[in-house]
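Please look through the chain below before reading on. The report works from the whole chain down to single residues.

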Amino acid sequence: MFALAQAQYTLTGVVRAADTHEVLPGASVAVPTLTAGTATDANGSFSLPLPAGEHQVVVSFLGYQPVTRTITVRRDQRLLVELPPAANELGEVVVTGSGTLEQKLQTTQMSVEHLTAREAKLLPALFGEVDLLKTLQLKPGVQNGGEGTSGLFVRGGSSDQNLVLVDDAVVYNPAHLFGLFSVFNPDAVQSVDLYKGGFPAQYGGRLSSIIDVRLREGSHEKVGVSGGIGLISSRLAVEGPLAKGKGSFLVAGRRTYFDVFTRAINKVNEGSADYSPIPDYYFQDLNLKANYQLGRKDQVFLTGYYGSDVFGFQSDGGFNFNFKWGNTLGALRWQHTFAPRLYLNTTASVTRYRYNISNALDEFSFDLASTIRDLSLRSDLEYHSADNRHVLKAGAALTSHTFGVGRLQAESVSNLVNFGADVNYTGLEGGLYASDNFTINDKWQLDYGLRLSGFHSGSDTYGGIEPRVAARYTLSPTLSLKANYALMYQYIHLVTNSGSSLPTDIWYPSRLSVKPQRSQQVATGVSWLLGGGKYLLTNEVYYKWAENQIDFKDGAQLFANNDLDSEFLFGKGWAYGNEVYLEKKEGRTTGWIGYTLAWTKRRFPPQRGTTGINNGDTYYPTYDRRHNLTVVVLHQLSPRFNLSGSFIFTSGAATTLPQGRFGFQDVLGGNNNAVAVPLYPNRNTYRLAPYNRLDLGLVYKLRPRHGESDLTLSIYNAYNRRNPYFIYFDRLEDPQTNQTTGYRARQVSLFPTIPSVTYNFKF
Amino acid sequence: MRYFRHRRVAGLLLSMLAPTLLDGCGSLQQDIDVVLPFGPSQLVVEAYLEPNALPRITVSETQPYLAPVELPIVTDATVVLTRANGIHDTLFYAPDIDRVTRKAYTHIGRRRLTARPGDTFGLEVYDTQGRRLTGTTTMPAAVPIQKVEWRFNNETGEQRKAYVLTTFQDAAGIGDAYRLMVHRRFLTRDPEVEYTVQDRLTDGQSITLGTSYDFNPNDTLIVSLFHLDTPYYNFLQSVQDARSANNNPFAQPSGVKSTVTGGVGIFTVLSVQRQNIILRE
């Protein structure tokens with residue numbers, strides 16, 4: 001007599017949104033009667049082992065209506081599900097969606113934040129400009145660099161230690177206007193994942209974070225136009241199907257236009273006495289995404305981005321200053337499905353970041369430029385075992401970097417003056433990895449992997465082994481413990497000596513005295529599902545230590561320097577802290593509260609003929625902020641009104657203020673009067689006042705005849721707090737004699753209360 | 001040519017943004033009280049030696065930044081200058097303001113200085129409080145001005161302006177710097193044009209420094225070319241950086257690079273060439 005064992009088959013498929021036909025990563029696919037379930041991956045695909053028989057499969061995702069399908073499993077099967085949205089795309093707070101908090105509880109992946117453009121669009125924004133990177137700054141463990149900047153300092157890491165990817169292509173400077181806005185157009189973005197620790201083995205090359213941005217694919221059904229008109233910029237996006245629904249495309253563009261206003265203001269003021277023209281500034285960017293289904297097993301995706309910032313200034317004295325910078329990138333990905341549980345993604349990408357400063361004054365012109373260009377190829381294989389207990393990943397990546405560092409060209413019309421300097425470096429960076437996400441039993445899950453990375457730059461070769469481990473132990477259905485460890489190498493460095501991200505910061509390869517940066521991070525945490533699954537409370541403690549950190553010597557000569565590495569100093573960094581995070585994702589009121597207590601320190605000992613930084617003593621970088629509290633609340637007042645508010649409190653930034661001064665006369669001919677020269681002692685020993693701010697937002701859904709539209713109102717800094725941007729010292733003068741009578745400390749703030757209105761539409 | 005340094009680019013950018021940002025919202029600046037810790041006061045010296053002139057130096061001390069503005073004269077300092085031939089010369093304490101140049105000096109020597117390029121001098125300043133400052137310097141080679149030319153633009157009347165070109169031969173070896181100043185009529189006025197360049201890219205070559213269309217026909221100008229050695233150049237740059245770091249949130253303030261130890265300041269031998277020109281058509 002034979003006892004037939006229950007045959008196991010695999011149900012695979014893709015979950016998409018019914019309205020836009022976009023894939024839905026992170027959607028829940030479950031069979032409640034079997035207590036079996038899984039979540040869709042970044043491509044919206046899932047794989048679920050099921051026994052033969054009839055089953056009810058429930059597919060759900062935040063913001064969409066759940067769909068139940070009854071299927072009869074007799075062999076490996078494919079299921080394509082489309083979820084209708086719970087409400088319209090624009091402006092409704094997400095309502096039901098079982099399982100998302102539960103998934104967060106169950107996954108081994110900790111130290112990660114997931115943000116969708118839909119969520120970001122509901123939050124109040126500076127000047128009404130929705131910004132995903134700035135929204136990430138509202139999550140615990142993520143510090144912003146300064147008022148209005150979008151540079152991210154994750155767990156004490158500097159802003160160049162973030163790997164910013166757009167569909168697997170690297171973005172070198174994700175900021176417009178010195179960090180005031182990020183380069184990501186929310187109309188084009190599907191979601192952003194921010195990894196703060198526990199980095200999966202497929203990522204490498206930066207120490208502190210991975211920011212993985214995925215663009216939207218565009219609707220497969222019909223052509224749609226959407227956009228918005230705002231206070232300082234406008235956006236327009238067009239999407240639609242390709243080849244009768246076999247593919248789709250999305251093109252989204254943005255441009256600011258306050259240069260139009262400033263030029264008008266300049267024209268009006270031209271005649272007046274103390275006329276000083278307001279400089280021109282604008283930025284524009286363009287995103288493109290297209291995909292096409294080649295066959296049952298193959299799909300190709302194309303991504304493109306072009307952005308540029310222009311800052312120009314012209315004076316009557318014939319002085320012409322033009323500063324231009326931007327990223328351009330393109331990526332082509334081919335996804336091939338070998339079998340229901342085995343697929344391969346191969347991506348080729350190119351990215352370039354450059355800036356150019358040109359000065360012209362009468363006969364003389366002076367140009368400064370810097371570029372970094374990458375050509376990259378990577379291949380990633382993913383395999384889900386039949387019993388779904390293993391998810392194996394393996395892959396390889398190779399990038400060719402070209403660095404054009406500090407190119408200088410000075411000339412005069414009559415060619416009396418003509419000289420230049422141009423330094424170019426190249427580097428080849430590679431990585432090889434393998435990892436396994438192993439569900440050992442119903443209590444233990446382990447994700448372990450190894451990455452081998454290397455870098456070759458002309459004269460030198462470097463390499464490293466990067467182990468990555470993460471574990472999860474389920475104490476109960478509502479409580480799990482997690483821990484992770486990651487070792488990271490970084491081979492290219494952004495050399496900057498300021499706290500903000502300036503477009504003139506230089507990307508530099510490891511070579512000669514510049515060794516690769518290296519960091520190790522351990523983190524451990526507890527996740528607790530409360531209130532019947534409505535709230536998730538997470539507490540995470542981390543410790544990170546980094547070597548071969550880079551900074552500049554005082555008074556370093558950055559341009560026209562064929563020997564730039566001699567200007568660098570090397571040191572160590574440490575960061576440790578605790579992050580507490582409470583979030584609610586369902587219901588009419590959603591949001592989160594995050595509190596981080598963190599320390600960041602650096603030490604650069606005496607070296608290379610200098611006394612090091614801060615005389616070799618441990619010091620705090622400017623972005624060391626002891627306490628960081630954010631409270632974000634979104635509330636659906638009625639089907640047409642959504643309210644949101646966010647409150648931020650951070651301890652003051654560290655800064656260097658002068659201790660003393662001395663009088664300097666200079667030689668005959670130099671200064672007419674003696675001047676006071678400040679003396680700066682140790683670095684960053686002074687703390688600015690704490691930063692706090694309340695932003696309020698309101699989204700009001702209109703009822704137009706065609707399509708959808710809404711009005712988004714935003715109030716930035718609602719109670720008009722004068723947050724310190726920097727402190728300087730002003731000279732007090734006797735009005736009659738013009739003699740200096742003393743000095744006074746003054747604090748400058750950047751933004752008062754700023755209200756804004758944006759009109760968004762969609763057809 | 002101005003070599004825009006990293007921080008100065010940022011400073012320039014901010015100084016352009018600042019009027020926009022601060023004008024419309026004047027109340028975004030506010031006075032605050034800060035407590036600035038001040039360590040012990042240090043000796044400050046400005047000593048520019050000139051060949052064939054009496055050595056005159058200025059000794060003062062550092063003060064807390066927010067201290068009331070008053071002349072920090074050090075009354076008990078002794079200054080010893082070691083000449084090129086090894087003789088120690090104690091300077092006299094005689095605080096005075098030169099009527100012509102309007103510069104203040106505290107100590108003066110009695111014998112004129114003989115200095116040739118390559119001569120090394122030493123300085124020692126000490127006071128009764130136990131503070132002691134020392135320094136050495138070597139006179140740089142003389143770099144004569146080869147020629148000064150001027151070109152007019154094509155305008156007439158009020159719009160007719162000229163720029164001035166100064167040509168000289170860079171001394172061999174990297175590490176030289178040059179400070180160009182152009183004054184209208186008097187050296188005691190603020191210069192019309194003033195900047196400093198290094199010879200990093202133009203070592204040993206003929207260098208031409210220019211100005212913009214700043215000058216009118218028949219202007220009487222004094223062109224001064226200072227030849228600086230690397231320590232003096234670093235001192236001037238660091239003083240400028242420290243002063244501009246005050247208003248610049250992007251800058252990383254750094255210390256002044258004195259050429260003396262035990263205190264703050266500059267001890268150097270001036271190598272300057274001047275030429276008077278009248279901008280005739």
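**Confidence and make-up**

This is a predicted model. Chain A has a mean pLDDT of 84, and 89% of its residues reach 70 or more. Where pLDDT is low, predicted coordinates should not be read in detail.

Chain A holds four helices and 46 strands. It has 763 residues, and 59% of them count as buried. Its accessible surface is about 29100 Å², with 58% belonging to carbon and sulfur atoms. Take the contacts in chain A between residues at least 6 apart in sequence: 64% of these join residues at least 24 apart.

**Nonpolar cores**

Which residues touch the most other members of the largest nonpolar core? They are Tyr508(A) and Phe568(A), in a core of 61 residues. Beyond four places in sequence, Phe568(A) touches Val495(A), Tyr508(A), Val514(A), Ile550(A), Asp551(A), Phe552(A) and Arg608(A). A second core is separate and has 28 residues, among them Leu132(A), Leu133(A), Val183(A) and Val213(A). In soluble globular proteins, nonpolar side chains tend to be buried together.

**Helix 4**

Helix 4 of chain A runs over residues 258-269 and has twelve residues. From first C-alpha to last, helix 4 reaches 16 Å, close to the 16 Å expected at 1.5 Å a residue. Asp259(A), Thr262(A) and Asn266(A) are buried in this helix. Why do the buried residues of helix 4 line one face? Seen down the helix axis, they fall within an arc of 60 degrees, so they share that face. An α-helix has 3.6 residues a turn, so residues three or four places apart point the same way.

The buried residues of helix 4 pack against strand 19 (247-256) and strand 20 of chain A. On the face turned away from the buried side sit the exposed residues Val260(A), Lys267(A) and Val268(A).

Asn287(A) is buried, at 6% relative accessibility. Leaving aside neighbours within four places in sequence, Asn287(A) contacts Asn185(A), Ala188(A), Leu215(A), Leu250(A), Val251(A), Ala252(A), Gly304(A) and Tyr305(A).

Ser308(A) belongs to strand 21 of chain A, residues 298-314. With 4% relative accessibility, Ser308(A) counts as buried.

Two loop residues have a positive phi without being glycine. Asp168(A) has phi near 75 degrees, and Asn717(A) has phi of about 60 degrees. Asp168(A) is in the loop between strand 11 (162-166) and strand 12 (169-170) of chain A. Asn717(A) is in the loop between strand 43 (708-716) and strand 44 (726-733) of chain A. Under 20% relative accessible area counts as buried.

The table gathers the accessibility values.

| Residue | Relative accessible area |
|---|---|
| Asn287(A) | 6% |
| Ser308(A) | 4% |

Methods: Residues are numbered from 1 along each chain as its sequence is written. Chains are lettered from A and ligands numbered from 1 in the order in which they are written. This is a predicted model: local features need pLDDT of at least 70, side-chain atom pairs count only at pLDDT 80 or more; totals for chains, interfaces and linings use all residues. Side-chain values use heavy atoms; hydrogens and water are left out. A nonpolar core is a set of buried Ala, Val, Leu, Ile, Met, Phe, Trp, Tyr and Cys residues joined through side-chain atoms within 4.5 Å. Buried means under 20% relative accessible area, exposed over 50%, partly exposed in between (1.4 Å probe, protein chains only). Contact means heavy atoms within 4.5 Å. pLDDT is the predictor's confidence in each residue, from 0 to 100. Accessible areas come from the Shrake-Rupley method with a 1.4 Å probe; for residues, only the protein chains shown count as cover. The expected span of a helix is 1.5 Å times one less than its number of residues. The arc is that of the directions from the helix axis to the C-beta atoms.
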